[in-house]
Amino acid sequence: MLNGQKLAGHRGVIAVVGLLGLTLGGSAALFLTSQSMDRIAANRQQQQVEKTVSRTLAGAAAQASAISARLEPARQIAKLGPDEAGAWLDNELGRPTVSTETNKAVAIVTRSGAIYGYTKGGRADADDLEQMQGAANSLVGALREERAASSKKADSEPKSRAEIAAVRGEPVVVAVSPLPASGEPLALVTVTYLDDALLNRWASTLMLDGFTALSPRAAVPTGMRSVGLSAADGTSLGRLAWHPAKPGEAIRKYVIPATLAIGAAVLCLFLMIAQRASNLRDEAESNSKRARYLELFDPITDLVNRATFIRQLDQIAGSQACQLILLDIDDFSAINEELGHRVGDEVIRDFGRQLVKEFQGSQCLVSRLDGDEFAVLVVGNSDVFELGPRSTGIVVSRSGREGATLSVTISAGVAAAPEHGHTASELMRHADIALGAAKAAGTARHVVYDPALGEAFKSRKGLEARMKKAIEDEGFELFYQPIINLGTMKPAGVEALLRLKRGAKDTPAVFVPVIEKLGLMPQLGAWIIQQAFRDSRRWPDLRTSINLSPLQLENPALLDQIDFNRARFEVAPKSIGFEITEGVLLNKSPTVHANLQGLRDRGYILALDDFGTGYSSLSYLSEFEIHRLKLDQSFVRGGRLIEKRSATLVQGVIDICHKLNIDVVAEGIEEIAEAATLRKWGCDFAQGYQFGKPAPARIAAQNLVTLQNNVAAIVDYRTGEPVLGAV
């Protein structure tokens, strides 16, 4: 046993030594390789710079040769005279040559000196000519010698030449080429400056770091490579210097340290394996226990989870009497938003603990199903009407913002077996329906399942299905009810009212909330706007009023929809009005207020609908720019206008609105006497069955013509005398 341990120890030492040797040897080899890579890269860059200088010289000579081949300056000078010839040279030689990307100058030189020159600044002065002639002296002399020699050979012509020279102490590329001339020989001289622009282009092309030109007296900085610039006579004109590329630096900076680190890590890992191996079995066993626990229990509350609870409920529901309580924390999302998810988890744990305290014993099973949902199974014949109060009596308190105490409640739905089902799925479904009814009734409520709830649930689901299908199949239509001008007793407009097609009996009061709950109101609202704009062309001289729901006003695309339909159907804004409810004015959303302002700015009339039924406040009339107020029918129907208090209230609203330049529309007019009274009090418009019921667009258009042609009689109900209209 001891020998085996020693052998294992020797093998371990050998492995460690071998690993260290490989790591250090490999690192040394990488270091030497990186230095070799740096040398090769630096030499390659130096060769590239030297080749670039050579190519620049060759290119300058070739360009000078090309320019000289197309010019005949001697003939033009003789033909035009000095002044006109100078202008000709500016256009043909000077400007085209110096307008290139590189900084250039050009000159024409004779034996006696330069006779013409051009630089970036324009025609060269005497000093510029002298500088260019001086830079080109050696090349011009060589050109003369070559020309003299070529005169003896019929097939030999002088060639263009280029070299490095100096202009005002700065290195330049000078190129010389012979020009055609019958008299005195002429030479074309081009000067290319090795300025920052040219050097930057070289640096970009060759990918050189810190590329710069050094003066002859400047020393090359440590660590930089350079190429000398020399005149034809060997005089130094400076150097081109740069920081050489170091591809091996990445190896020294990253690869070698990484290699050493990996080696050290492997060594440490090797030493840790033995200790780790002894812990793996314990860890595996612990993980196995944790996995088995999570299969059965919720990790936050330690209660049984949904799967475990459903299995238990399935086993018991079909064989024993039991009661199922489904519970849901009221407005739990607000708790997470206001106090954070950590506090939300604490609230869940507190409810779980209190539910276990309330429902103790072997006959009770408490579970956290999911999120803020709990369930309690009570085996036996307990009173279902007592279980709800026991659950909803649990309250958890937390400190909210600014030190306020926040009380969190829970709602419950109860179902029992065998009365409400014999399987887990039946009981869960019926308890969930009861829970939904409890949540709809408010907070901290409990409801015991009743078959009537199930029927109501089915009815609601059926209505939801019908509404979805109606929107998909365009199963809606718009009816229109006339609005009468009480001053003339003639139609002033119509209100668009939503109806279901095919004789469906569901009213807007029933199906509109369902559509809003399903999130389909924006889609339906867009259709209403489109259809109302289209139908409004049937009565172009009257205003069509369209109801906007709060959800539509929260849609950022509302104004785009309206603008699109206005342009599509060519309807003027004065022909359209929009009616909003009082609740919209309570909404502080920037989108709502931007939409309302956008409608006003476009010239649409805004009417406040059903005034007097909601959060009615006269402050709205001063805070918001409303053009029209619709007085709810509850102020008119049932003889309310002859009641002193009601009459005083209606007259007061009319007077206040008129002082604020707001028109008043009275809804629910069913008798001509009501219209007469309102007209006497100064009410502007009226709407109701007295003037016509809502009807489809085609019939509504006919009714409007009838109302226009037959003005209704207004009779003073106290005297019986006609006031306006037919006698």
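**Exercise 1.** Which residues is Asp350 in contact with, leaving aside its neighbours within four places in sequence, and is Asp350 buried or exposed?

*Solution.* Keep in mind that this is a predicted model.
- Step 1: Asp350 is found in helix H9.
- Step 2: Look for partners. Once neighbours within four places in sequence are set aside, Asp350 touches Val396 and Arg398.
- Step 3: Check the accessibility. Buried means under 20% relative accessible area. Asp350 has 14% relative accessibility, so Asp350 counts as buried.

**Exercise 2.** How are helices H8 and H9 oriented to each other?

*Solution.* 
- Step 1: Find the helices. H8 covers residues 332-339 and H9 covers residues 341-358.
- Step 2: Read the geometry. The two pack at an angle of about 135°, and their axes are 7 Å apart.
- Step 3: Name the arrangement. H8 and H9 are therefore oblique to each other.
- Step 4: See who makes the contact. H8 contributes Phe332, Ile335, Asn336 and Leu339, while H9 contributes His341, Val343, Gly344, Val347 and Ile348.
- Step 5: Sort them by class. The contact has six nonpolar, three polar and no charged residues.

**Exercise 3.** Which strand gives the most to the lining of the largest cavity?

*Solution.* 
- Step 1: Take the volume. The largest cavity holds about 50 Å³.
- Step 2: Strands E19, E20, E21 and E22 each supply at least two lining residues.
- Step 3: Pick the top contributor. E20 gives the most, with three residues.
- Step 4: Look at the classes. Five nonpolar, two polar and four charged residues make up this lining; Arg543 and Glu579 are among the lining residues.

Methods: Residues numbered from 1 in each chain as written. Predicted model: local features only at pLDDT ≥ 70, side-chain atom pairs only at ≥ 80, totals over all residues. Heavy atoms only, no water. Axes fitted to C-alpha atoms, helices over the stretch in contact; angles between N-to-C directions. Helix = DSSP H or I, 4+ residues; strand = E, 2+ residues; numbered from the N terminus. Parallel < 35°, antiparallel > 145°, perpendicular 65-115°, else oblique. Contact = heavy atoms within 4.5 Å. Nonpolar A, V, L, I, M, F, W, Y, C, P; charged D, E, K, R; others polar. Buried < 20%, exposed > 50% of the residue type's maximum accessible area, 1.4 Å probe, protein only. 1 Å grid on protein atoms, 1.4 Å probe; cavity = no way out; pocket = protein on both sides within 12 Å on 5 of 7 lines; lining within 4 Å. Points joined across faces, edges and corners; volume = space filled by probe spheres on them.
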